[in-house]
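I opened the model to look up charged pairs, cores and confidence. My entries follow.

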Amino acid sequence: MDGPAIQRGTPQRRLTLTPIAFDLILALSQVRGGLRLSDLAHIVGAPVSSVQASLRILLANGIVDRLGDDRVVYRLRPGHPAQAALVDVAAVLAEPEHVIGIVLRANPSVSFASIDRQGFVFATSDDADAADMSRLDRAIGAVRAARNAAPALMQLRGAEFGRLARVDVGLVARLVSAVRLKGHLPITHSPSISG
């Protein structure tokens, strides 16, 4: 008989991941220190109970660590041999809009994000950490490389975003009517658009 022998009575555990589990892997790939359960549920847009069920599978298979006692956070386990492959699959498995939305909500360098029919508009902090920016660029690059029809992205830096959100009437109108994914608009008044 070729191949490894399987002992009788030894349960064979297969890893079965749901779409939510892949979303969690993607979200956790964007942060260093981990995320709380409620934050993960918000980022992936799933009920807390579904996120907990997926985290149990990821924890049982050593893909995710649970850290802390009072303020529990979850993070990708450093050095897991499948981590890079799972993140790569998570970045291209779902529709590009879904993936980019998770990345923008999870990445700490992103201070504002919205989506409309034209695509995404997002702002990164002027003092964003280089490692966070690298994770953001890598994830967006993976989506763009895998999909011909990836949505358009307008990326602005914090100060530039604040200025344009006050003076660019077209951008302001777009942002006001878009679906906000993260952050707040630095607008003190509604734009007056005459038709």
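I looked up Asp65 and found that Asp65 counts as buried because its relative accessibility is 12%; buried means under 20% relative accessible area, exposed over 50%, partly exposed in between, with a 1.4 Å probe and protein chains only. This is a predicted model, in which local features need pLDDT of at least 70, side-chain atom pairs count only at pLDDT 80 or more, and totals for chains, interfaces and linings use all residues. Residues are numbered from 1 along each chain as its sequence is written, and side-chain values use heavy atoms, with hydrogens and water left out.

**Salt bridges.** I took a salt bridge as a side-chain nitrogen of Lys or Arg within 4 Å of a carboxyl oxygen of Asp or Glu. The count by this rule is 6. Asp65 pairs with Arg77, and their closest N and O atoms are 2.6 Å apart. Asp65 sits in strand 1 (residues 64-67), and Arg77 in the loop between strand 2 (73-76) and helix 4 (83-93). I took helices (H or I, at least four residues) and strands (E, at least two) as DSSP runs, numbered from the N terminus. Arg77 is partly exposed, at 34% relative accessibility.

I next found Arg174 bridged to Asp116, with 2.7 Å between the closest N and O atoms. Arg174 is in helix 8 (residues 169-177) and Asp116 in strand 3 (residues 110-116), 58 residues apart. Arg174 is buried, at 13%. Through shared partners, Asp65, Arg75 and Arg77 form one salt-bridge network.

**Cores.** Which residues have the most contacts inside the largest nonpolar core? I found Leu40, Val51 and Leu104, in a core of 46 residues. A nonpolar core is a set of buried Ala, Val, Leu, Ile, Met, Phe, Trp, Tyr and Cys residues joined through side-chain atoms within 4.5 Å. Helix 1 (residues 19-28) gives the largest share, 7 residues. Apart from this core lies another, of 8 residues, including Phe112 and Leu164. Leaving aside neighbours within four places in sequence, I listed the contacts (heavy atoms within 4.5 Å) of Val51, among them Ile20, Leu24 and Leu37.

**Confidence.** I noted an average pLDDT of 89 for the protein chain, with 89% of the residues at 70 or higher; pLDDT is the predictor's confidence in each residue, from 0 to 100. Over residues 190-195 the pLDDT is below 50, and this stretch has 6 contacts in the model beyond near neighbours in sequence. Where pLDDT is low, the predicted coordinates should not be read in detail.
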